[in-house]
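Let's take a walk through this fold, one piece at a time.

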Amino acid sequence: MPFGRNKSFIGRESTLKRLLSLVPPSVESSDCQWTAIVGLGGIGKTQVALEAAFRVRDSYPDCFVFWVPAVDSSSFENAYRKIGQLLKIDGINEKDADAKTLVKKALSESSSSWLLIVDNADN
């Protein structure tokens, strides 16, 4: 994850409780779950996602947690390439590799649990 845990994070327990009920590996383990945190800029969506990521990691140590910043297409692509490298996906380092497709395929075929957070995905 790109940030350390925010030791000053407080509140939002009801939001976190609801979010964590939707995303743990034990929920619908045979199917992918999609959840979105929405709201105006600056209200703390990233901090909620970050705290949720740390709680998932703490509760499920075998679950991979990936963070993808979607600030721009370059950061998005680079994050997927890094995930592919961490997972040692064949072909990920090739010049014309479609990192997003390779990672999506690898994760969809994986028997491991994982949580993928896409931050700042406005579009």
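Start with helix α3 (residues 73-86) and helix α4 (residues 99-109), which pack at an angle of about 45° with their axes 8 Å apart. Helices here are DSSP runs of H or I with at least four residues, strands are runs of E with at least two, and both are numbered from the N terminus. The axes are lines fitted to C-alpha atoms, for helices over the stretch in contact, and angles run from 0 to 180 degrees between N-to-C directions. This is a predicted model, where local features need pLDDT of at least 70 and side-chain atom pairs count only at pLDDT 80 or more, while totals for chains, interfaces and linings use all residues. Residues are numbered from 1 along each chain as its sequence is written, and side-chain values use heavy atoms, with hydrogens and water left out.

So what do we call that angle? α3 and α4 are oblique to each other, because angles under 35 degrees count as roughly parallel, over 145 as roughly antiparallel, 65 to 115 as roughly perpendicular and the rest as oblique. On the α3 side, the contact (heavy atoms within 4.5 Å) is made by F76, E77, Y80, R81, I83 and G84, and on the α4 side by A99, K100 and V103. Sort these residues by class and you get 5 nonpolar, 1 polar and 3 charged. Here Ala, Val, Leu, Ile, Met, Phe, Trp, Tyr, Cys and Pro count as nonpolar, Asp, Glu, Lys and Arg as charged, and the others, Gly among them, as polar.

Now look at the loop between α3 and α4, where L87 sits. L87 counts as partly exposed because its relative accessibility is 27%, between buried (under 20%) and exposed (over 50%), using a 1.4 Å probe and protein chains only. Leaving aside residues up to four places away in sequence, L87 touches F66 and L107. L87 and A106 are 19 residues apart in sequence, yet 8.4 Å apart in space, C-alpha to C-alpha.

Over to the other helix pair. The axes of helix α1 (residues 13-22) and helix α2 (residues 45-59) come within 10 Å and cross at roughly 55°, and this crossing is right-handed. Here E13, T15, L16, L19 and L20 in α1 meet V48, E51, A52, R55 and V56 in α2.

Conventions
Left-handed = near helix turned anticlockwise from the far one by under 90°.
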